[in-house]
Amino acid sequence: MSASRAPMPGYLDHARVGPLSRPAARALAGANGLATRMAPADLDRLFALGDAARASAARLLDARPHELALSPSTSNGLFTVAAALQGPGAVLVPRGEFPANVYPWLRFEGRGGPDVRLVEPDEGRHITPESLRRRLTPDVVALTVSAVDSLTGHVAPLAALKEVLGPHRLLIVDAIQGLGAVPLEVEAADVLVSGGQKWLRAGWGAALLLIRDRCAARLAPGLGGWAGVAEPFAERHPAPPLPGAAAHLATNPDFPAAAALGAALDDLAGQGGPAAVGARIRTALAELLDRAERAGAEVLLNGLGPAERAGIGTFRLPGHDPAAVHQALEAAGVVTTRRGEWIRLSPHASTPAAATDLFAEALAPFARPTGRARTATAGPATPEPVPSDPASGTPPTRTTSPSSTTLTQEPTCPTT
């Protein structure tokens with residue numbers, strides 16, 4: 001990748017999409033070369049690239065390779081899991097979850113899947129072990145949760161949540177906003193799904209689907225197709241499913257995308273893994289949020305401890321039109337995402353120091369002379385009724401008490 005095609009110095013939007021890394025780009029080009037040539041051994045080499053990606057993911061997630069399969073996307077993986085979780089019971093879905101982790105459960109409710117129970121988090125947009133414990137009833141079979149909240153950057157306490165759930169309830173994790181950005185308590189997840197187009201910088205087309213052996217018997221191959229059975233060309237069907245996560249495959253993966261994902265995972269390991277890369281990301285984010293506060297900004301959930309925030313920080317400038325602030329940043333070459341009144345920052349370990357200066361210069365015209373601003377919180381919410389028919393609409397908005405910040409679920413596209 002030439003320097004002229006490198007990401008903009010002020011690119012601070014990895015929570016939306018991470019520009020393809022050089023190792024991923026090289027792997028993608030190489031795999032596409034195999035697919036173009038298609039010599040007799042090339043198909044076997046393409047399949048081997050998928051196997052290598054699963055092996056790399058297994059090392060990252062402390063899993064066995066057969067516990068992993070490659071799905072086309074995070075959303076597809078979550079639909080696969082929702083189709084697999086059959087029988088009576090209820091799945092807990094926190095309000096404020098990104099829609100990709102809501103719709104699969106709504107779509108399979110009443111079609112053999114568990115009932116959907118939307119739960120109101122006690123603190124901001126995340127559910128705590130204490131609030132989870134209060135909401136557990138005998139019919140609860142699973143909790144589905146994002147490892148990192150896409151707006152606030154809060155890191156879910158996965159191990160503590162799993163401890164409350166116990167061994168007989170599933171913890172299902174959408175990890176796309178954390179995997180590759182910060183260390184996650186992945187060993188606590190019974191099921192984990194993550195695409196590679198954000199923090200892993202692997203592009204679209206391949207996602208990890210982890211189904212641990214300890215819960216595999218609980219999940220039927222609901223979307224499993226011919227690629228998920230041991231004898232796809234048997235005379236009679238259905239044929240026996242493949243062992244492990246492969247039983248849930250509808251078809252073969254996108255092998256060039258798998259090659260890019262595998263290269264990105266290997267690159268992450270070569271840089272010291274999530275702990276080392278995450279430390280650099282958190283340092284870059286802390287510097288950006290410091291500059292925002294100097295300009296008078298309110299930072300959402302600014303009281304989070306260092307280990308509680310991933311690579312995402314969100315701010316607003318009181319008294320200024322957020323659209324105007326966002327446009328000024330973009331005009332200065334600083335790329336961010338705006339969610340309603342909030343502007344989201346998500347740097348990477350590769351973000352240059354110059355990005356912080358660009359950001360500060362772009363905020364200078366909006367700066368307040370009083371210095372640092374107060375902290376914005378996402379405090380206890382006003383209770384809202386659960387819709388009688390959750391499948392009739394999108395995840396509802398939530399509004400906090402008058403003394404705290406209003407959080408509204410903005411319409412979003414799948415990449416935000």
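A: First, a term: helices (H or I, at least four residues) and strands (E, at least two) are DSSP runs, numbered from the N terminus. This is a predicted model: local features need pLDDT of at least 70, side-chain atom pairs count only at pLDDT 80 or more, and totals for chains, interfaces and linings use all residues. Residues are numbered from 1 along each chain as its sequence is written, and side-chain values use heavy atoms, with hydrogens and water left out.

Q: Which residues of α1 are buried?
A: Ala-24, Ala-27, Ala-31 and Leu-34. They sit on the same side of α1, because they cover an arc of only 85 degrees around the axis. That arc is taken from the directions from the helix axis to the C-beta atoms. Buried means under 20% relative accessible area, exposed over 50%, partly exposed in between (1.4 Å probe, protein chains only).

Q: What do they pack against?
A: Helices α2 (42-61) and α8 (255-270). Contact means heavy atoms within 4.5 Å.

Q: What's exposed on the other side of α1?
A: Arg-26, Thr-36 and Arg-37. Asn-32, also in α1, counts as partly exposed because its relative accessibility is 35%.

Q: New topic: what is the strand order in the sheet?
A: β1-β7-β6-β5-β4-β2-β3, in an open sheet of seven strands with mixed pairing. The edge strands, β1 (68-71) and β3 (115-119), each pair on one side only. Two strands pair if DSSP finds at least two bridges between them.

Q: How many bridges join β6 to β7?
A: Five, between residues 191-195 and 207-211, and these strands run antiparallel.

Q: Where is Thr-74 found, and is it buried or exposed?
A: Thr-74 is in helix α3 (residues 74-84). Thr-74 is buried, at a relative accessible area of 7%.

Q: What does the side chain of Thr-74 reach?
A: The backbone nitrogen of Gly-195, at 2.8 Å. Thr-74 also touches other residues, including Asp-174, Ile-176 and Ala-207. Residues up to four places away in sequence are not counted there.

How values were computed: A polar contact is a pair of N or O atoms within 3.5 Å; within protein, one must be able to donate a hydrogen and the other to accept it, and residues adjacent in sequence count only if both atoms are side-chain atoms.
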